[in-house]
Amino acid sequence: MLTLGIETSCDDTCLSVINDKFEIVLEYKINQDSIHKIYGGVVPELASRSHLEYMQIILKDLENKINPQDIKCVASTTHPGLSGSLLIGYMTGYGIANACNATFIPINHLDGHIESVNIGRAYHVKYPMLILLISGGHCQFMLAKNIQEYEVIGKTLDDSVGEALDKIGKMLNLEYPGGPKIEAFARHGKTILPIGKPMYCDNANFSFSGFKTSALRYLDKNVEAKNEHLFISNICKSVEEIVSDNLSYKTNIAIMQTLAKLPELKNFVLCGGVSANILINSKIANTCQKYNLQMHSPNIKYATDNATMIAFAGLKRFQSIQENVK
Ligand code: KG4
Ligand code: ZN
C-alpha cells in the first residue's frame, strides 16, 4: 500500500511516495530559487506556473516507477500558502486519487512541518508536545495535546523570523532565500551588534518588524561598506546572534508557561526551514535541556518544505480514519 504526498504551498514543487511502514519509496523536489531570486522573493504567479510545468515532469517519471493500483491514499497541502500554488497541488492530488480509487486527504502545511521530525525515525515523537514552528510563513509556539489538537501559546505579531532573515538578506544583496546565506556569511564574521533587538516583552509572542527596520537604518548609514565581505559577514553574524538569542528567550517563556499547566510535558519539537540554522537549533536545544525536555528537530534535508512530511501527515490521518471505521 502506497501513500502519495504532494507539497506546492510556496516555491518548491515536491512529491513523495511512502509505504505503510512510513518508509520512503520515492522523493522529488524541484526548487524554484533560480526563478525567484531575480526578484528577491517569491513571485506567486511565477510559482504557480512553474508548479504546473514541474509537476508534469515529476508525474511522467513517477508513472514508470510505481504501480498506480498500489496507491491507496493521496495527501496534498491545501492550506495555508499561495492560493495559485496550492491549487496545483490540490488538483493534482485530487485527480490522482480519483483515477486510482484512493482516499484524498487535505493537509495543513503546519501539520506537515510537525511530522517532519518523524521522518527516518524508528519511533515517532509522542504527545503532548510543545512545538516551535519557524519558517518563512510562520513563527509560533503550539501545544499539541493530541493529533491536530493545537493550542497557540505565542505567535509573531508581524513578520515571521524566516521572512525577516530573507528581507535582511535582500538588503545585503544576498540571493533569495536570505536565511541560509546569512548563516554561511556568519561563519566568517564577528558579532558587532549594531542593530536593535526584536521584541523582548514577557510573553511568548514575537515581533521582528522593528528589528528589520533597525537593520535597514544601519545599512542605509553604511552604504559604502555594503559590498565589503567582512562587513556583510559581521552583519550576518550579528543578525544570527540576535535572532537566536531572542528565539531562545521566548522558548524559555513558552516552556515555563506550558510546564505550569502541564508538568508532564517531555517533548519539544523545533521545525520549519529556520530550524536548519545550526546556532538557532543549538541555543534552543540548550534551553530545552534546562527544563529536561527532549528536543526533536528534523534532519536538515526535511527542515524546509518537502512532500515526505505531507505524506507522513496523510498516512497518519488515513490510518486513524481506518481505525475509526473498524
Ligand atoms: O519551511 P520553509 O521551507 O518554507 C515555509 O513554510 O515558509 O522555510 C523557508 C524559510 C526561509 O525564510 C529561509 O530563509 C529559511 O527558512 N531558512 C533558513 C535556513 N534554511 C532555510 N534560515 C536560517 N538558516 C538556515 N540555514
Ligand atoms: Zn513550510
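The largest nonpolar core of this predicted model has 47 residues, of which I134, V239, L247, F268 and I284 touch the most other members; a nonpolar core is here a set of buried Ala, Val, Leu, Ile, Met, Phe, Trp, Tyr and Cys residues joined through side-chain atoms within 4.5 Å. Burial is judged by relative accessible area, with buried meaning under 20%, exposed over 50% and partly exposed in between (1.4 Å probe, protein chains only). Residues are numbered from 1 along each chain as its sequence is written, while chains are lettered from A and ligands numbered from 1 in the order in which they are written. Because the model is predicted, local features need pLDDT of at least 70 and side-chain atom pairs count only at pLDDT 80 or more, whereas totals for chains, interfaces and linings use all residues, and side-chain values use heavy atoms, with hydrogens and water left out.

**Nonpolar cores**

- Leaving out residues up to four places away in sequence, L247 touches I134, V161, F206, F208, I280 and I284, a contact being defined by heavy atoms within 4.5 Å.
- In soluble globular proteins, nonpolar side chains tend to be buried together.

**Zinc site**

- The zinc ion (ligand 2) is coordinated at 2.0 to 2.1 Å by H109 (NE2), H113 (NE2) and D305 (OD); donors are N, O and S atoms within 2.8 Å of the metal (3.2 Å for Na, K and Ca), and water is not among the atoms, so sites may look incomplete.
- The site of this zinc ion (ligand 2) is tetrahedral, with angles of 96 to 134° among its four donor atoms; four donors count as tetrahedral if all angles lie between 85 and 135 degrees.
- Along the chain, the donors of the zinc ion (ligand 2) follow the spacing H-x3-H-x191-D.
- Because H109 lies in helix α4 (residues 109-115) and D305 in the loop between β10 (294-296) and α10 (308-325), this pair ties together parts that are 196 residues apart in sequence.
- H109 and D305 are both buried.

**The loop between β10 and α10**

- T304 also lies in the loop between β10 and α10 and, at 35% relative accessibility, counts as partly exposed.
- Apart from neighbours within four places in sequence, T304 is in contact with K29, H113 and G273.
- The side chains of T304 and K29 make a polar contact at 3.3 Å, that is, a pair of N or O atoms within 3.5 Å, of which, within protein, one must be able to donate a hydrogen and the other to accept it, and residues adjacent in sequence count only if both atoms are side-chain atoms.

**Salt bridges**

- The whole structure holds 11 salt bridges, each defined by a side-chain nitrogen of Lys or Arg within 4 Å of a carboxyl oxygen of Asp or Glu.
- K301 forms a salt bridge with E27, with the closest N and O atoms 2.9 Å apart; as K301 lies in the loop between β10 and α10 and E27 in strand β3 (residues 24-31), the pair ties together parts that are 274 residues apart in sequence.
- A salt bridge between K283 and E241 has its closest N and O atoms 2.6 Å apart; K283 lies in helix α9 and E241 in helix α8, so the pair ties together parts that are 42 residues apart in sequence.
- Both K283 and E241 are buried, and salt bridges that share partners join K237, E241, D245 and K283 into one network.

**Backbone features**

- Cis peptide bonds join Y127 to P128, with omega about -5°, and Y176 to P177, with omega about -5°.
- P128 is in the loop between α4 and β6, and P177 in the loop between α5 and α6.
- N101, although not a glycine, has a positive phi of about 60°, and is exposed with a relative accessible area of 73%.
- N292, likewise not a glycine, has a positive phi of about 60° and lies in the loop between α9 and β10.

Notes: Four donors count as tetrahedral if all angles lie between 85 and 135 degrees; four count as square planar and six as octahedral if opposite donors are over 155 degrees apart and all others between 65 and 115; anything else is irregular. Helices (H or I, at least four residues) and strands (E, at least two) are DSSP runs, numbered from the N terminus.
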